[in-house]
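Open the model in your viewer and keep a selection panel to hand. The stops below say what to select and what is there.

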2 protein chains.
Amino acid sequence: MRRNPLGQRIDFGTQPSRYRHWRIVFDGPVATLFMDVDENGGLFDGYQLKLNSYDLGVDIELADAVQRLRFEHPEVGAVVLRSGKERVFCAGANIRMLGAAEHTHKVNFCKFTNETRNTFEAAGAESGQSYLCAIKGTCAGGGYELALACDHILLADDGSSAVALPEAPLLAVLPGTGGLTRLTDKRKVRRDLADVFSTIEEGVKGRRAAEWRLVDEVVPNKAFEETVAARAREFAARVGDKTGGRGIELTPIDRTFAADGGVTYSLVEVAVDRAKGLATITLHGPDADAPASLEALHTEGARTWALRLARELDDAILHLRFNELELGVICFKSQGDAVKALAHENFLVEHRVQDWLSREILLYWKRVLKRVDLTSRSLVAFVETGSCFAGLLAEIAFACDRSYMMNGAFEGDNRAPAAITLAESNFGVAPMSNGLTRLQTRFLGEPEAVEAARAEIGKPLEAEAASRLGLVTFAFDDIDWEDEVRIFLEERASFSPDAMTGMEANLRFAGPETMETRIFGRLTAWQNWIFGRPNAVGEKGALKRYGTGQRGEFDRRRV
Amino acid sequence: MRRNPLGQRIDFGTQPSRYRHWRIVFDGPVATLFMDVDENGGLFDGYQLKLNSYDLGVDIELADAVQRLRFEHPEVGAVVLRSGKERVFCAGANIRMLGAAEHTHKVNFCKFTNETRNTFEAAGAESGQSYLCAIKGTCAGGGYELALACDHILLADDGSSAVALPEAPLLAVLPGTGGLTRLTDKRKVRRDLADVFSTIEEGVKGRRAAEWRLVDEVVPNKAFEETVAARAREFAARVGDKTGGRGIELTPIDRTFAADGGVTYSLVEVAVDRAKGLATITLHGPDADAPASLEALHTEGARTWALRLARELDDAILHLRFNELELGVICFKSQGDAVKALAHENFLVEHRVQDWLSREILLYWKRVLKRVDLTSRSLVAFVETGSCFAGLLAEIAFACDRSYMMNGAFEGDNRAPAAITLAESNFGVAPMSNGLTRLQTRFLGEPEAVEAARAEIGKPLEAEAASRLGLVTFAFDDIDWEDEVRIFLEERASFSPDAMTGMEANLRFAGPETMETRIFGRLTAWQNWIFGRPNAVGEKGALKRYGTGQRGEFDRRRV
């Protein structure tokens, strides 16, 4: 696939005034999100986004819209997703884009779109902002997967509107954004019917779609608008009057790129060492004190430390995922005042029940931390002198594959000794995709260790205590630190990136499975496998041949 | 990889007198299983099985030994797995074999070895036949995964004995027989320590191996024999006196191959249609009545209908998996007297608490049905006139991706109308890998449908009733049957085998996850992906280069 027309890096920052593919209409507690893809607005050259099909650029706007609904429109209780075009709801991910894209881009694309679909469900469950999908016209593949991520699906009974997952029969790949998993796990479609449905190119329409549990209701065409509106009002009413909340504006994120590709944000720095295949993300603690009141927090808005840091970290992770494929190790560092950082965070934790903004900032941290968990790079935390791995920042260390901590004084370094400080937020505020906290997952074999850690809330735990409590992998003193870190980084960089991706994906999510872990762990792995097989992407593969009038030719051996 | 020296199909039938790689010593309730691989006894040309490394041939013997322990030695309460060689326990799967093997063989090999490892755990949990692993010497990769499948691991503390998972650093692949999953889920090793452990080529020994939960006990060298013996006696004693049970002999399975590759067993027929990519397995009901007494059952032994059918079906499935890669659809049919079949089965169900053989036959059915669930071919049941899909045979239909049933009379066919008969065995005797029955999995969205089905136990359910209860996907009458079946088979054969494999793997196991489903669903998918990537299997990949003195050269882009 060619670079995008401007030859630029992929940028995840956007805002409604710049949307090319979506528009939002607000009507009190109901927002309607129209998908109306500009077919000439593809992110890369070489394809047109016909029939409301999408590429990463379309999804970046969608992710932005979903995020802004949480922060800028807390009054909204129901979001209706619909098409801005006649006769087609959405044809799914653009197939020519997929056919031309590199394996890495396909996989990254699917992961990002999956994360966005998950935020639909999170918005309903966590913030009373439910998603409804109102389908008229063809709704196929990724289009139906958009619907599956909604809390309620209405399908017009007009003789032609249908839902379909035609990927396997048509393209020799799987539905890539959770379709199969949501069929069986969320909608609990009978498995043999799911098998039939997933092999019918033209999909299922009318009464059968409801009987098979593929949609929640099938609505006669003439009653469609009225029913959609009524259902949206019902969902919005479930959470009561939200009109008291006034949103805050998510102002643009400032960032500057250095010549070597390093990035500087206001609170986050990304340093790049290409020879070592290493990106170092340093997170900075707050300069200012915690907001003095809820009023002060709302006045600070997007400038408040905890939200600013989360947005910048999120952007940095996405940038590394898509634009820096050869940096296989991400190293997390922090610098700053842990006491102040915890004051900011604890203010949010204390007010999260009464104040929507405090709650939304914490819920956003939950999403960002999940994004870290799901980033397929080797993740390591270096807990150094002067660092502030406290509370949610400590969660980043727990999200890492391993962690190294400085032990004691380091010559010529007058910063405070390295310490980790636990807080209430480490015990349930930001659970992983598996539903457990990172400490619960870490101590699956010794649940009592979680309680031992909880008893230390608020205390700066230096290397010895942190090691004893099992919070870090290794602690080294001034004599060994540099060598040990160097050896680890050299060794990690020497391993096969694929083996590390597979190993980390298997080790990070012990314990219970959820729909999310199944989508990212199982479905994604199968999809990646299929994406690499000649039957899909070879010269005679179905994905390559799509649109040529020729069907794929397959190696018939079963694996 | 070249064919094996004789150019023959892979045969899963063997017996202790023919073992080349294992020997068993019995001492009352304790059996010791020595792994002593004949390095010149590889199944294929081109590699030597050095350092107690294994290939499929070694594992076929192991699977046979584990199976015979259940049926021929019910008196055994503890099985000690150890090496017959000095200084090495087991070096894992043979790397030259893996490097030379085709993708399909590697995947099939891993699946079969995984199934065998699972039977270790099943033997302990279900039959009080626990596995202990006594490690002296190097225990690496698949060797340590053998240990992980045991209920208790003892490691000699002799300064050199160590456990290791060196696959990722050394070979750029994952441990392929459940290693990563058992580390986190079974042994609950802390995830950062698991990460460290899985990247240390030389492994971990001594006290640290126990501290990291990698083994259960580390035993000083001089106390090793004594401790192993004591621990084996303890495990055996947990299940009380088993000496009352006298085993039955698992006599060789008779089968005949036709020129076209079809196979005839005493109760199972496999018909092959290469043009359609189709294998049809027909299962025959019993001629004889159910055993009149437990004594009669034990006298019949391996000849009794239910055990003979299970063994023949198991062999047929394995034959198709390994030797018939291009038959992408397996169609199950049955013929016979459902009442008689249920009489046999119900006899076993009634006696399963008091009689070990009744219990073992049913537990074997559980394993065979899981083998069907895990077979990566499209599975379809044709419930035809004269068929006997009753009880456990009906489970086969429920294991299929979809089922077609004949509705009513068929011209010129005087056999009994097609019917499904449910029995007690459909409601808990043979749960799937996810811990649910096939009907519970099927009706995840309508649990009341399971109860509705239970109310019909014992009644022959013809097409209308079976459809109403949701037990079959489609029912067609004489007019439509032939066309519908033909269209389905043609369509299925036209799809990409890889897409079907991925789709079926995702749709078959809805609901809860277990260690088994994670091994087969998640770990296997990642492993398959890695097995297809140039970083492992390309000319410069680590697996290809192993033993050449050169390390793999990697595409460093992360996916």
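Begin with B:Glu167, which is found in helix α5 (residues 167–171) of chain B. This is a predicted model, and the stops should be read with that in mind. B:Glu167 is buried yet has no salt bridge. The nearest side chain of opposite charge is B:Arg117, 10 Å away. Show the surroundings of B:Glu167: leaving aside residues up to four places away in sequence, it touches B:Gly141, B:Gly142, B:Glu145, B:Ala172, B:Val173, B:Leu174 and B:Pro175.

Now select B:Arg117 together with B:Tyr54. B:Arg117 lies over the face of B:Tyr54, at 5.6 Å from the ring centre. For another charge over a ring, select B:Lys106 and B:Phe531: the charged end of B:Lys106 sits over the ring of B:Phe531, 5.3 Å from its centre.

Stay in chain B for two salt bridges. Select B:Arg68 and B:Glu72, whose side chains meet in a salt bridge (2.8 Å, N to O). They are four residues apart in helix α1 (residues 56–72) of chain B, a separation of about one helical turn. B:Arg68 and B:Glu72 are both buried.

Next select B:Glu384 and B:Lys333, a salt bridge with its closest N and O atoms 3.2 Å apart. B:Glu384 lies in the loop between β18 (378–383) and β19 (389–390) of chain B, and B:Lys333 in strand β17 (residues 329–335) of chain B, so the pair ties together parts that are 51 residues apart in sequence. B:Glu384 counts as buried at 12% relative accessibility, whereas B:Lys333 is partly exposed at 22%.

Salt bridges that share partners join A:Arg191, A:Asp195, A:Arg558, B:Asp401, B:Arg402, B:Arg492, B:Glu504 and B:Arg508. Over all chains, the count comes to 100 salt bridges.

Move to chain A and select A:Glu115 and A:Arg371. Their side chains meet in a salt bridge (2.7 Å, N to O). The pair links distant parts of the chain, with A:Glu115 in helix α3 and A:Arg371 in helix α13 (residues 356–373), 256 residues apart. A:Glu115 is buried at 9% relative accessibility, and A:Arg371 is buried at 13%.

On helix α3 (residues 103–127) of chain A, select A:Asn108. A:Asn108 is buried, with a relative accessible area of 6%. Apart from residues up to four places away in sequence, A:Asn108 touches A:Arg321, A:Phe322 and A:Leu325.

Turn to the aromatic rings, for which the count over all chains comes to 30 pairs. Select A:Phe382 and A:Trp481: the ring centres are 5.9 Å apart and the planes at 75 degrees, so the pair is edge-to-face. A:Phe382 lies in strand β18 (residues 378–383) and A:Trp481 in helix α18 (residues 481–494), both of chain A, so the pair ties together parts that are 99 residues apart in sequence. A:Phe382 is buried at 3% relative accessible area, and A:Trp481 is buried at 8%.

Then select helix α14 (residues 392–399) of chain A, where eight of its eight residues are buried. Among them are A:Glu395 and A:Phe398.

Finish by superposing the chains. A rotation of 180 degrees with 0.0 Å of shift along its axis places chain A on chain B (RMSD 0.0 Å). That is the relation of a two-fold axis.

Notes: Residues numbered from 1 in each chain as written. Chains lettered and ligands numbered in written order. Predicted model: local features only at pLDDT ≥ 70, side-chain atom pairs only at ≥ 80, totals over all residues. Heavy atoms only, no water. Phe/Tyr/Trp six-rings, centres within 6.5 Å; stacked < 30°, edge-to-face > 60°. Helix = DSSP H or I, 4+ residues; strand = E, 2+ residues; numbered from the N terminus. Buried < 20%, exposed > 50% of the residue type's maximum accessible area, 1.4 Å probe, protein only. Lys NZ or Arg CZ within 6 Å of the ring centre and 35° of its normal. Contact = heavy atoms within 4.5 Å. Least-squares fit on C-alpha atoms with pLDDT ≥ 70 in both. Lys, Arg positive; Asp, Glu negative; His and termini not counted. Salt bridge = Lys/Arg side-chain N within 4 Å of Asp/Glu carboxyl O.
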